[in-house]
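Dear colleague,

Please find the structure below, together with its sequence. A short account of the findings follows.

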Amino acid sequence: MSLSLDARQRAMLQEMGVTVWAPPPARPLPPPVAAPAQAEAEAAIASAAAPTPVLHAQPTPAAPSAPRQPAHAAAPAAPASEPRTAGAAPTGLLLRAPVALYPQADAQAVPPELGAGWLVVLESPTPAEPLAGDSGRLLDNMLRAMRLHRHPRTFVATLNRHAPGLTAEGLEPAAGLQQALQTLRPSLVLVLGLGAARVVLGSREPLGRLRATAHHLPDGTPAVVSYDPAYLLRAPDAKAAAWADLCRALALVRRSTAP
């Protein structure tokens, strides 16, 4: 699909590191082939630098052998590992209550194709301030490129890892998500990152397979999976694919709101 992007949106995409209609990257030049004389010299240097193999090693004294067990004695059985449930969500996660990211936005100026509201679920390094830090600024740029900063009902629910014995705010992921869907009734749930995808969808599939299709939650709310901002900071080459996921989410909401 194609989107009509103005200068501001193109600047947002540029901030994300996504170049619109960029030419394909130039192929790297093949490494230069060394001349025969140079190659022979380098081989001679490498051969001279190689350690000389030891032809006659001194025998090492044998360690005292352990007492032999009787032939009928059986080895102790290894403890069986617990089976992993196919749809089990990661443990040690709590889902914080959703918060509106742009509450000051004018509800009357919301483009109709953005739907009734959005819920973003991700694992954030700063759960209390999802737009803080480098990953938070990138998340803000991603949502602004989608024009969601103009929607007062753009919510984010962050997953918070906590250690046993420590106080942490939030609900168990399944209960927290169900409560958020019942309260907000979003047009779409945008799931960012593998950890969030496993919590929201209850699936152990790899992220690439989860990104390849649109999903529907048990209450019928559509969901789209993409990369989380923290990963995009480590792998900027994936930003173009993330933008394609966001475009697919916008198209899905646009089709659902079409008369």
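At what angle do helix α1 and α3 pack, and how far apart are their axes? The angle is about 150 degrees and the axes are 9 Å apart, where axes are lines fitted to C-alpha atoms, for helices over the stretch in contact, and angles run from 0 to 180 degrees between N-to-C directions. Helices are DSSP runs of H or I with at least four residues, and strands are runs of E with at least two, numbered from the N terminus. The model is predicted: local features need pLDDT of at least 70 and side-chain atom pairs pLDDT 80 or more, while totals for chains, interfaces and linings use all residues. Residues are numbered from 1 along each chain as its sequence is written, and side-chain values use heavy atoms, without hydrogens and water.

α1 and α3 are therefore roughly antiparallel (angles over 145 degrees). In their contact (heavy atoms within 4.5 Å), Arg8, Gln9, Met12, Leu13, Glu15 and Met16 of α1 meet Leu138, Asn141, Met142, Arg144 and Ala145 of α3.

Asn141, in helix α3 (residues 133–145), touches Met12, Glu15 and Met16, residues up to four places away in sequence not being counted. Asn141 is buried, since its relative accessible area is 12% (buried means under 20%, with a 1.4 Å probe and protein chains only).

Thr154 belongs to strand β4 (residues 154–161) and is buried because its relative accessibility is 0%. A polar atom of the Thr154 side chain lies 3.2 Å from the backbone oxygen of His151. Beyond its neighbours within four places in sequence, Thr154 contacts residues including Trp118, Leu143 and Leu148.

Yours sincerely

Technical notes:
Buried means under 20% relative accessible area, exposed over 50%, partly exposed in between (1.4 Å probe, protein chains only). A polar contact is a pair of N or O atoms within 3.5 Å; within protein, one must be able to donate a hydrogen and the other to accept it, and residues adjacent in sequence count only if both atoms are side-chain atoms. Angles under 35 degrees count as roughly parallel, over 145 as roughly antiparallel, 65 to 115 as roughly perpendicular and the rest as oblique.
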